[in-house]
Amino acid sequence: MSIDLERLRAETPGVVSRVHLNNAGAGLMPLPVLQVMTDYLRREAEIGGYEAAAEAAPRLDGVYDSVAGLIGAARDEIALTENATVAWQMAFYALPLRAGDRILTARAEYAANYVAFLQVAKRTGAVIEIIPDDANGVLDAEALERMLDERVRLIAITWVPTNGGLVNPAADVGRIARAHGIPYLLDACQAVGQMPVDVAALGCDMLSATGRKFLRGPRGTGFLYVRRELLGKLEPPMIDHFGAPWVAPDRYQLRPDARRFETWENNYAARLGLGVAVDYAQAIGIEPIAARCRTLAGLLRTGLGQIPDVTVHDLGPHPAAIVTFSVPGFGADAVKTHLAGAGINVSTSDPASTLLDAKRRALPSIVRASPHYYNTEDEIDRLTTAVRKLRDRQ
Ligand SMILES: Cc1ncc(COP(=O)(O)O)c(C=O)c1O
């Protein structure tokens, strides 16, 4: 299957006015996603919110099948959430951690996850330890194996960090976690939508992701996967009468499926948008998406690398479609503003979003350009040309 770039760009209104290279921030929604949400919102206004939900019930229910199909899970293993952070928190805070328990994580762990580790460590006396990297800066799975003992109660890593193209060996970690019976929570926020995600191959027990980035869904959507065998053992950190119906005056009963992590009220327009975004990606094919993402990101790294003194910061031998760089003499915000002036969207990555990695590599705030399959080679050239022009002002 190859990418029909012309059609996909015709279905992406945002490409008309901008060169959008901020898919790690939020991808451009395609028309079908926009359409389903606006139609649904209109229906809410016309017939009422509860009535519109009843009318769309089969489609809303189908979102679980779509998400499950995307990651090779079963629908009862999926909870829909308002973002990846809530999905991750629901899983993490459900785990019973005690004094002396060890949480193993990766160096480029996302700030939201790491501060939660710190909070639980403060509350319980659990300890956080960093899995060493190999010579390429990639999580070293053999080193992980050497760290294991009976006090390791959680392995929680980010697959593709927010601050660069690094791809950690999530499946190797999964094999080790499974072999030792250790719960494994994988942050797949920057991976879903740009590469194949198969929970069986990954060997993860829990996986969190967002809808708005490489999946091209709406903002305010995310999901959590929890492996069926673990579900019954996890009590959500907070419950309501949806996830845990009130069955007797003194008793609630947790739902048997992953929706025990959800609450009653939801943004149904956004949920439908997420479902359509997932179906849209599947119809294109995740493999061709992954191949094109890597090609464009590779072109960008090569182009940036040819500009004197510009530094590309991405780690690892097979980086994903997040390209981070610095231009000497210009702060990341100045570069972003300059590029915005040329009609190009990028973002910046602050040290505080991946503090341990930033400190280890002495990274300042860096520029983050994240192409997607619908970008063109010409757009990649436009970015490198604009960066070159800025560099030449020095
Ligand atoms: C690696 C990683 N994990 C988690 C998140 C949080 O996702 P959300 O904003 O949907 O909660 C992000 C967001 O940028 C991220 O890059």
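Here are some questions and answers about the sheets, helices, ligand shell and chain end of this predicted model.

Residues are numbered from 1 along each chain as its sequence is written. Because the model is predicted, local features need pLDDT of at least 70 and side-chain atom pairs count only at pLDDT 80 or more, while totals for chains, interfaces and linings use all residues.

Q: Which residue in E5 is the bridge partner of Leu104?
A: Strand E3 (residues 102-105) is joined by four bridges to strand E4 (residues 127-130), and these two run parallel. There, Leu104 stands opposite Glu129. E3 is also joined by four bridges to strand E5 (residues 152-158), again running parallel. In E5, the partner of Leu104 is Ile155.

Q: What hand does the β-α-β unit of E3, helix H6 and E4 have?
A: Picture the strands pointing away from you: a crossover is right-handed if the path from the first strand over the helix to the second runs clockwise. In this unit, helix H6 (residues 111-124) comes with E3 and E4, and the unit is right-handed.

Q: Why is strand E7 described as largely enclosed by the rest of the structure?
A: A residue is buried if 20 or more other C-beta atoms, placed from the backbone, lie within 10 Å of its own, exposed if 12 or fewer, and partly exposed in between. Met206, Ser208 and Thr210 on one side of E7 and Leu207 and Ala209 on the other are all buried. E7 (residues 206-210) is largely enclosed because the buried residues number five of the five.

Q: Which residue of E8 is the bridge partner of Met206?
A: Three bridges join strand E6 (residues 184-187) to E7 in parallel, and Leu185 has Met206 as its partner in E7. With strand E8 (residues 222-226), E7 runs antiparallel over five bridges. In E8, Met206 is partnered by Val226.

Q: At about what angle does helix H12 run to E12?
A: E12 belongs to an open sheet of four strands with antiparallel pairing, in the order E11-E12-E15-E14. Axes are lines fitted to C-alpha atoms, for helices over the stretch in contact (C-beta atoms, placed from the backbone, within 7 Å). Angles between N-to-C directions run from 0 to 180 degrees. Helix H12 (residues 286-305) lies across E11, E12 and E15, and its angle to E12 is about 10 degrees.

Q: How many polar residues does the shell around the ligand have?
A: Around the ligand are 13 residues, the closest being Asn83, Ala84, Thr85, Thr162 and Thr210; near means a C-beta atom, placed from the backbone, within 6 Å. Ala, Val, Leu, Ile, Met, Phe, Trp, Tyr, Cys and Pro count as nonpolar, Asp, Glu, Lys and Arg as charged, and the others, Gly among them, as polar. The shell has five nonpolar and one charged, and its polar residues number seven.

Q: Is Arg393 buried or exposed?
A: Arg393 lies in the segment after helix H15 (377-392). From Gly329 it is 64 residues away in sequence and 9.6 Å away in space, C-alpha to C-alpha. Because 9 other C-beta atoms lie within 10 Å, Arg393 is exposed.

Note on methods:
Two strands pair if DSSP finds at least two bridges between them. Two residues are in contact if their C-beta atoms, placed from the backbone, lie within 7 Å.
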